[in-house]
Amino acid sequence: MTYVIGAVVGLALGGLVGALKNRFIWGTYLYKENEDGEAGALYGRMLASNMTNLITLVVAFFLRNILPFDGIAFIIGVAVALTMMNKVLSIGQKKKEERRRGA
């Protein structure tokens, strides 16, 4: 049972960090009209996004022995949720963009 609790808590933490990361790091970039000279802004956001993922996983690693449930399941849950939030939110953004262009 501790494996399930660890995985669920990890999914919740990773999902929360992933949603906040995509809202604050990518939100302003995705919802404005992009111009051609903004490669630096894109690379900076990519770096910030990857650093956020890395910091979240390092924090989860150091918390694994402190938390009262299975630490490995917690870390795996965090990693899966971070990855899935990027995919889910990018699909949502693509659908919004298609609707905007179709209108």
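The expected span of a helix is 1.5 Å times one less than its number of residues. Helices are DSSP runs (H or I, at least four residues), numbered from the N terminus. This is a predicted model: local features need pLDDT of at least 70, side-chain atom pairs count only at pLDDT 80 or more, and totals for chains, interfaces and linings use all residues. Residues are numbered from 1 along each chain as its sequence is written, and side-chain values use heavy atoms, without hydrogens or water.

Start with helix α2, residues 39-63. Its 25 residues should span 36 Å at 1.5 Å a residue, and the end C-alpha atoms are 36 Å apart, so the two values agree.

Now look at burial. Buried means under 20% relative accessible area, exposed over 50%, and partly exposed in between (1.4 Å probe, protein chains only). In α2, the buried residues are Arg 45, Ser 49, Asn 53, Thr 56 and Ala 60. An α-helix has 3.6 residues a turn, so residues three or four places apart point the same way.

Take Asn 53. Its relative accessible area is 14%, so Asn 53 counts as buried. Contact means heavy atoms within 4.5 Å. Leaving aside neighbours within four places in sequence, Asn 53 is in contact with Lys 21, Leu 82 and Asn 86. Asn 53 lies 14 residues from Ala 39 in sequence and 21 Å from it in space, C-alpha to C-alpha.

Thr 56 is buried too, because its relative accessible area is 8%. With residues up to four places away left out, Thr 56 touches Val 17, Val 78 and Leu 82. Thr 56 and Ile 75 are 19 residues apart in sequence, with their C-alpha atoms 9.6 Å apart.

Those partners lead to the core. A nonpolar core is a set of buried Ala, Val, Leu, Ile, Met, Phe, Trp, Tyr and Cys residues joined through side-chain atoms within 4.5 Å. The largest one has 7 residues: Val 17, Ala 60, Phe 69, Phe 74, Ile 75, Val 78 and Leu 82. Helix α3 (residues 71-102) gives the largest share, 4 residues. Beyond four places in sequence, Val 78 is in contact with Gly 10, Leu 11, Leu 13, Gly 14, Thr 56, Leu 57 and Ala 60.

Return to α2 for Phe 61. Phe 61 is partly exposed, because its relative accessible area is 39%.

Key
Helix = DSSP H or I, 4+ residues; strand = E, 2+ residues; numbered from the N terminus.
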